[in-house]
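Welcome! Take a look at the model before you start.

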Protein chains: 2
Amino acid sequence: MTDSGRTFPKGFSAAAMSAGIKPSGRTDLSCVVSDADCAWAFAGTRSAAAAACVTRNRELAAGSGPVRALVVNAGNANAATGAQGTRDNAELAGALGSVLGIGAELVLTASTGIIGHLLPMDRVLGGVEHLPDGLERGADAFAQAIMTTDTRPKVAQATLSTGARILGTAKGSGMIHPDMATMFAFAFTDARVDQGALRAAFPAIVNRTFNAVTVDGDTSTNDMAVVLANGRAGEVDLPEFLAALEGVLRELARMIAADGEGATKLLTVRVSGARTEAEALAAARTCCVSPLLKSAVHGNDPNWGRVIMAVGRSGAALEVERMTVAVQGTPVFAGRPLPYDAAAVSAAMRAEEVVFEVGLGVGDARGEAWGCDLSAGYVSINAEYTT
Amino acid sequence: MTDSGRTFPKGFSAAAMSAGIKPSGRTDLSCVVSDADCAWAFAGTRSAAAAACVTRNRELAAGSGPVRALVVNAGNANAATGAQGTRDNAELAGALGSVLGIGAELVLTASTGIIGHLLPMDRVLGGVEHLPDGLERGADAFAQAIMTTDTRPKVAQATLSTGARILGTAKGSGMIHPDMATMFAFAFTDARVDQGALRAAFPAIVNRTFNAVTVDGDTSTNDMAVVLANGRAGEVDLPEFLAALEGVLRELARMIAADGEGATKLLTVRVSGARTEAEALAAARTCCVSPLLKSAVHGNDPNWGRVIMAVGRSGAALEVERMTVAVQGTPVFAGRPLPYDAAAVSAAMRAEEVVFEVGLGVGDARGEAWGCDLSAGYVSINAEYTT
């Protein structure tokens with residue numbers, strides 16, 4: 001593990017350990033603890049088969065109480081595990097609360113990994129008992145412990161003018177097509193923020209960041225995004241804070257897309273000229289999820305017809321005769337096919353990020369989404385996941 | 001080309017030729033002609049970027065007139081080609097009508113292939129002039145000429161109790177996630193059918209057949225399904241005819257799924273216990289489009305958690321505690337994970353068709369959808385399509 005030297009904001013500390021949930025022996029159990037009550041906001045998957053952790057956190061979020069800690073396990077999603085799974089999840093929260101000397105209702109839970117297997121509770125509870133022994137300010141061990149098929153940890157941060165900080169971490173590589181949040185994004189801040197204001201602003205921020213990233217169109221049962229604010233760095237300007245929070249989450253969203261299963265490059269689609277922001281986002285997101293466009297990006301093929309196809313099926317209003325498409329800055333369509341140097345554009349696509357700009361020609365709204373290319377690696381990663 | 005000996009119903013004949021649209025020199029221009037006016041029904045893509053042929057056929061279908069002929073080109077979709085593309089498409093219809101001595105309004109058009117390139121009209125028109133010279137009753141040459149990345153022609157047929165026949169042909173391998181129809185299904189019958197009755201029944205039949213097949217979630221700009229009835233075999237029982245038509249289209253839909261780009265096997269998902277048929281179809285279709293489930297099927301991995309995930313995001317109502325899942329006939333989930341022999345189920349998945357049966361536990365409605373596995377072959381086919 002690389003040590004980036006990144007630390008949590010004031011009052012937060014974290015611990016990670018290997019509890020034996022992952023057969024590989026990698027760290028798979030972790031927690032973040034705040035020394036003061038946190039205002040918080042939560043967004044969870046819209047899946048009708050949401051996991052026990054999402055359901056429990058959503059119930060807590062329906063109340064107005066604060067939280068103090070978050071416990072995360074990787075390697076097992078504890079989803080589709082029935083009533084036993086619900087009990088196991090509650091027991092996990094209670095166990096960490098008990099070790100920390102706080103009530104279970106102050107502890108959020110998050111599980112990620114394979115669906116349909118009961119948590120190995122003996123190993124999990126044996127681990128939780130000693131987990132807080134390792135609490136420290138460094139963020140790297142936590143960012144590492146929440147990973148599944150991710151190839152690298154994902155951390156982003158911002159510092160406000162008052163000195164208050166925001167640190168965000170995320171995990172996610174496959175089953176990424178969030179519908180409210182993505183598979184685990186956690187942001188921690190020592191800024192003092194009103195819980196009502198935070199919760200009011202959070203859905204729109206999540207919509208423009210995590211809900212605009214897609215790896216495969218598959219929405220997880222365990223997706224969640226959480227922000228915890230413990231106030232230890234005092235008052236901040238709310239608009240400044242929200243803009244910084246959005247910046248941190250946006251950076252994490254792009255990291256998730258770039259680290260999509262089997263990905264070799266980041267795919268960015270910017271849509272303008274839409275009737276509404278929702279339609280612009282839908283058009284951009286449909287491009288990013290299209291297996292045909294993703295395959296073309298993988299092969300550095302400037303096959304912009306697939307952008308027309310994807311936008312056409314996105315539900316966004318458009319006028320083909322007024323549409324425009326550019327690939328890596330080169331205009332290729334403006335109501336009709338434009339002549340362009342295909343070899344030069346293909347060469348320009350051999351980059352870490354491939355950008356398509358699409359104008360729909362029917363309004364002024366804009367939106368941006370992120371995805372990745374589709375490679376044979378995605379298939380091999382997912383063809384033998386359990387066997 | 002294999003000669004299956006299959007022929008068109010009475011009064012229909014077809015011709016196919018290589019007009020030089022495909023660089024490979026394969027047959028790419030074809031037509032079907034009826035010697036009597038046909039009652040007909042049409043379903044076209046819901047894409048907002050529909051191609052010129054779909055738009056023109058839809059306009060014709062808005063009227064009550066008959067048709068007599070259909071001209072198809074492969075190798076070029078004539079989509080996103082602006083006003084010139086619209087003119088070229090009309091000129092193609094007019095040219096065939098002129099050679100046949102019938103009005104252009106009696107000629108349907110269908111183009112398939114790459115998006116965003118103008119039709120090579122000199123070659124197309126030069127071909128059309130001689131196309132009817134080769135008219136014959138055999139169906140194989142036509143089924144072959146409409147193919148693009150298909151690996152095999154797709155023909156299905158039925159004979160009614162009166163002796164009237166239905167012959168259906170289809171093409172489609174990638175960009176398959178029809179939203180009204182699939183990329184070309186043509187059915188021809190010599191039964192006498194009332195046009196109003198045919199048009200009233202067609203949408204529901206298309207919904208249960210072509211709209212239930214998916215290869216990659218990408219909806220084409222050129223999708224269409226057409227049925228032509230020339231009445232040459234006389235009156236038939238309408239319910240018998242419609243059931244036979246649905247059987248033919250269903251067989252074609254399964255052929256398209258099995259021949260999906262890069263596919264090595266057919267994926268069938270049967271959903272029961274849904275609140276409505278629409279929700280059952282949505283749940284089944286979401287399973288078939290899931291890249292994660294498709295990858296697992298490719299690797300013979302009985303990872304049924306991905307079925308839970310896909311159904312969960314499908315929008316269908318469900319109760320996880322009452323859900324059931326079976327893989328190749330083996331129950332693996334019934335409100336909780338069931339013990340099963342993973343090696344035996346994996347072995348059973350090494351088959352031409354893999355069937356998942358899913359119960360949602362909230363009603364009595366059923367639905368079935370078809371797809372295919374996701375292989376590295378899909379990526380390589382689509383990574384360098386134009387370059």
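Predicted model: local features only at pLDDT ≥ 70, side-chain atom pairs only at ≥ 80, totals over all residues.

Residues are numbered from 1 along each chain as its sequence is written, chains are lettered from A and ligands numbered from 1 in the order in which they are written, and side-chain values use heavy atoms, with hydrogens and water left out.

**Exercise 1.** Find the domains of chain A and describe how they meet.

*Solution.* 
- Step 1: Chain A splits into domain 1 (12-255) and domain 2 (266-383); such bounds come from an automatic or database domain assignment.
- Step 2: Their C-alpha centres are 32 Å apart.
- Step 3: Look for contacts, meaning heavy atoms within 4.5 Å. Here 17 residues of domain 1 touch 16 residues of domain 2.
- Step 4: Turn to buried area, the accessible area (1.4 Å probe) that two parts lose on being put together, summed over both. The two domains bury about 1400 Å², with 54% from carbon and sulfur atoms.
- Step 5: On the domain 1 side, Ala212(A), Thr214(A) and Arg254(A) lose the most area, together 41% of what that side buries.

**Exercise 2.** Count the salt bridges between domain 1 and domain 2 of chain A.

*Solution.* 
- Step 1: Recall the rule: a side-chain nitrogen of Lys or Arg within 4 Å of a carboxyl oxygen of Asp or Glu.
- Step 2: The count between these domains is two.

**Exercise 3.** Describe the interface between chain B and chain A.

*Solution.* 
- Step 1: Contacts join 54 residues of chain B to 53 residues of chain A.
- Step 2: The chains bury about 4100 Å² between them, 62% of it on carbon and sulfur atoms.
- Step 3: In chain B, Asp218(B), Leu292(B) and Val379(B) lose the most area to chain A, together 12% of what that side buries.
- Step 4: The salt-bridge count between the two chains is zero.
- Step 5: Sort the chain B side by class: 25 nonpolar, 20 polar and nine charged residues. Ala, Val, Leu, Ile, Met, Phe, Trp, Tyr, Cys and Pro count as nonpolar, Asp, Glu, Lys and Arg as charged, and the others, Gly among them, as polar.
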